[in-house]
Amino acid sequence: MPPSLPPPVWAELYYGGAWHDITDDLRAVSAPVTVTRGLSSESAAEAEPTTCTCDLDSRDDRYAPRNPMSPLYGLIGRNTPFRWGYTVGSAWARLPGADSNRLTLPGSTALAVGDLDLRVEVALDNWEAPSQGLAARYLSTGDQRSWALAIGGTGQLILYWSPDGTLASRRAEFSPEGVKAYRGQRIAVRVTLDVDNGRGGYELRFYTGRTVDDEEWHLLGTPLTGPAPTAVHPGTADLEAGAVTGLAVPPTSGALYGLRLLDGIGGRTVAYLRTADGAPGAASFTSGGGVWTVRSGTVLTNRHVRMAGEVPAWPPTRDLSGADNIVSIAPTGITRRLDAGNKPQDSALRRYIRSRGPVECWPLTDGPDSKAARSLISSRTLRQVPQAGATPPVWAAGRLADWVEPVLSAQAETYGGLQGNTPRLATTGANWSVDLFLSGGGRPSSGQFTIYDTGAGTDADNRTLLRMVFSGNLDQITLLRVSEGSDASSVALLSNIIGLGIYDERPHHLRLTVEPGATSTWYLYIDGAIKQIGSIPGIRVKPVGRILLGWGYATIAGATMTDRSFGYLTYWTSSGPSAAQMWRAYLGFQEESAGSRIERLAGEAGFTASVAGETVYQQRMGIQDQARLLELLNEAAATNFGYLLDARDSAGVIHRGGSTLWNQGPALTLDYSAGLIAPPFRPVDDDKLTENDVTVARQYGAVPARQVLTTGELSVQDPPNGVGRYDQEYRYSLATDQQADHVAHMRLHLGTYPGVRYTRLTLNLANERVFAMIDDILRVDVGDLIRLTSLPADHGPDPVDVLVQGYEETAGPDGWTITFVCAPGAPWRALVADSRAYGLVDTDGSRLAAPAAAADTVLAVTTTGQRRWTTDPIDMPFDIRAGGEVMRVTAAASAVQDGFARTVTAGWGTATSGQTWTTTGGSSSDYSVQEV
């Protein structure tokens, strides 16, 4: 039975370092709470920040941040953290990550396995946290090590097992790919160990799925094989879920929903755990025929977070009598703050340097009227060197690259210089580095780049200078060492580094790194790669004290002279980024995966972002341009054909990559005939999303890619052969021109889906039949698949899949509903080799050889394509369509067969001689097939 209205809701505010319950002040009995999340419509390009609206009772003025008499004075204000949800449905186990947290099943010989098949369903607070123990039968005491499953900080699953229980024989294998899930995402992980693969070894496989009972699993990487057969010690250790007591691995922090242990791969279940079998607060419960104990620290609960955000304002609302005071708040997700203001995003280089904390950085990006270079880090400035005849640089006139801020320009046929002191560091033996970014100059160009250490310049404390002299006509840098004492100085040639290729109009990066020692070592990097290494005999170079940047040109007949641009003069300690990392930042992190860009950008801005979807399947990004933070995040999400959202249960940003949308099993199946879908329920069959002529331009790329559908019902041909031309052009941030062609294909694929669209689905959770599915409904999130079955005849015979793009839920005194915003799910199905569900290939040509009556149990089929129908029983059953009727094939043969029952439960269309047929995802009746 569903609860009475309003449903059991709760709310909390975070202040004083802890969460505080405010449920009693939530006016759910008089006003509904509404939450919107994800895309607002099927055609929306990106998600809006999550929003919530609710009323708080503030008759004592407690929710008035400016009221000094309020008990919350000084504790709440703008952007106070807030969360809201339900206490409803089945139980799940909250694992706090403490040493004692776990659920246990008593050990016995019944838990022994030959081949191992283990599945665990969890939602980790952080899938990339340091190692966490997921499940085990593993005790070091008495050599009772059987097996243990953990996850490492890289997201890789780790299986430990011992053939005889001893540490000496224990093996450990890592999954070839890491689990890539966003924080708090609920998934199932699986490991199988074939102890004897019949080829003289063992075979190990790691998977991800949706539940422990899945039939289709996604393989992580490739199978691993061992050189000899192995075994799993039967042992007597308890079965633990959520921890591994016998290993030095922290326990799980997150939620646990299920575990399944099988003897044999896909074999007999020897242990089964469904936390839903327990009651909230229970200390033990029976699941799968065994009694599971909830250990100290672990809690069974049915509390669900439906919205986590911040309260930006506390507007009071009084009635006319003044006796009632309501504060109507509208908490939002943190993406609202990511989109605050209108300041363009700094370049990737500038943001990266700031986030890594250099000792000093002069960007040289000062305005046209500048007289000196301001520091990005400190109050020190870089000033012009007094020189007779020197020409000041032109500020904001130089370009390192189109995607980097304008910088200083040293004009052709002039000379001059800038110098400044750096913050003083303690004299240590640690490495230091100085970076300079440049472009232009032509040949011949000259100048110098001099780094002074912090020596006093006395005989007792010499000052060492490292001077790089630029020689464009020779395409080289000359590196000199100068030692300055009280009365004299010495100069030594360290190296002439030739063949640099930096005297052109392209971006370049120069780094000098020094490793102090009795004999110091220097390293010169060009464009992120080591160019030359050398030593400074007998001198221990100190930290950097001053930097001088000079330029000048020598006139040579016939030489090509151009202005030279300099920028981002930066001083690092040994903890700074590598030269390769700086070069990548300079080039705007081109070829970075979409998920990595989202995580990096959010981290640089002080936010937390996490990504679902393996890196290997993510789109590679083009050059990061200058734009607002949320624009860049949404750009990466769009390039990856995924969703960027506020996390539902925490203050963070999540990205669900496009690779996770393919070939999903349904998160929720709705039987229309059972009255599960509330009105309005109207399919849309129009041209709103039609795109049959798609052009995709790559930002900073070459010729745009174009894909056109030239044949078929949605082609560019005029009706009735097509629908006419619907052209659309997009611009994407992509690493290669080939990707643009792939993206154009995908846009064309999505824009030429021929079916009807179900844009909104409303569920009434106060309906008893709907409430019976509350666990599945509350799990549905943006990017999940919903399957609609038993639709009215005028909607067609097939089940329909829709992809959730957003939702709005309302819980109040008069109703409890959730409305999903949907897009077609069928375009996200693709062929998968060796898959029973997604590996079915049509013959590319079949027809009925004779009319089929309603009572027929055998259909005669003629194959007109190149491939005949399969007759292998292992491939049965599969679905076909003939004359619009969907049929399920239970057997197929090349000779006449009869005696197969044909039950028509919902005949649809006609199946007569000459009708073509194809495989389909639907089913309505059972048939056998005869090929003629």
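Start by selecting Asp475. At 13% relative accessibility, this residue counts as buried, because the cut-off for buried is under 20% relative accessible area. Keep in mind that you are looking at a predicted model.

Stay on Asp475 and check the backbone. Its phi is near 55 degrees, a positive value in a residue that is not glycine. Asp475 is found in the loop between strand E32 (463–471) and strand E33 (476–484).

Next, select Glu591. Here too phi is positive, at about 75 degrees, and the residue is not a glycine. The setting is helical: Glu591 lies in the loop between helix H3 (579–586) and helix H4 (594–604). As background, most residues other than glycine have a negative phi, and most peptide bonds are trans.

Now for two peptide bonds. Go to Leu5 and Pro6. A cis peptide bond joins them, with omega about -5 degrees. Pro6 sits in the segment before strand E1 (9–15). Then jump to Pro679 and Pro680. The bond between them is also cis, with omega about 0 degrees. Color strands E43 (668–671) and E44 (693–698); Pro680 lies in the loop between them.

Which residues touch the most other members of the largest nonpolar core? Select Phe82, Trp84, Ile786 and Leu788: these are the ones, in a core of 53 residues. In general, nonpolar side chains tend to be buried together in soluble globular proteins.

Center on Trp84 and display its surroundings. Leave aside neighbours within four places in sequence. Trp84 is then in contact with Val9, Trp10 and Ala11, and with Leu26, Val33 and Val35, among others. Further along the chain, the contacts include His304, Val305, Arg306 and Met307. Glu809 and Ala811 are also on the list.

Last stop: Ala64. Is this residue buried or partly exposed? Ala64 is partly exposed, with a relative accessible area of 24%. Look for it in the loop between strand E4 (48–57) and strand E5 (80–96). Ala64 and Pro315 are 251 residues apart along the chain, yet their C-alpha atoms are separated by 8.2 Å.

How values were computed
Residues numbered from 1 in each chain as written. Predicted model: local features only at pLDDT ≥ 70, side-chain atom pairs only at ≥ 80, totals over all residues. Heavy atoms only, no water. Core = buried A, V, L, I, M, F, W, Y, C linked by side-chain atoms within 4.5 Å. Buried < 20%, exposed > 50% of the residue type's maximum accessible area, 1.4 Å probe, protein only. Contact = heavy atoms within 4.5 Å. Helix = DSSP H or I, 4+ residues; strand = E, 2+ residues; numbered from the N terminus.
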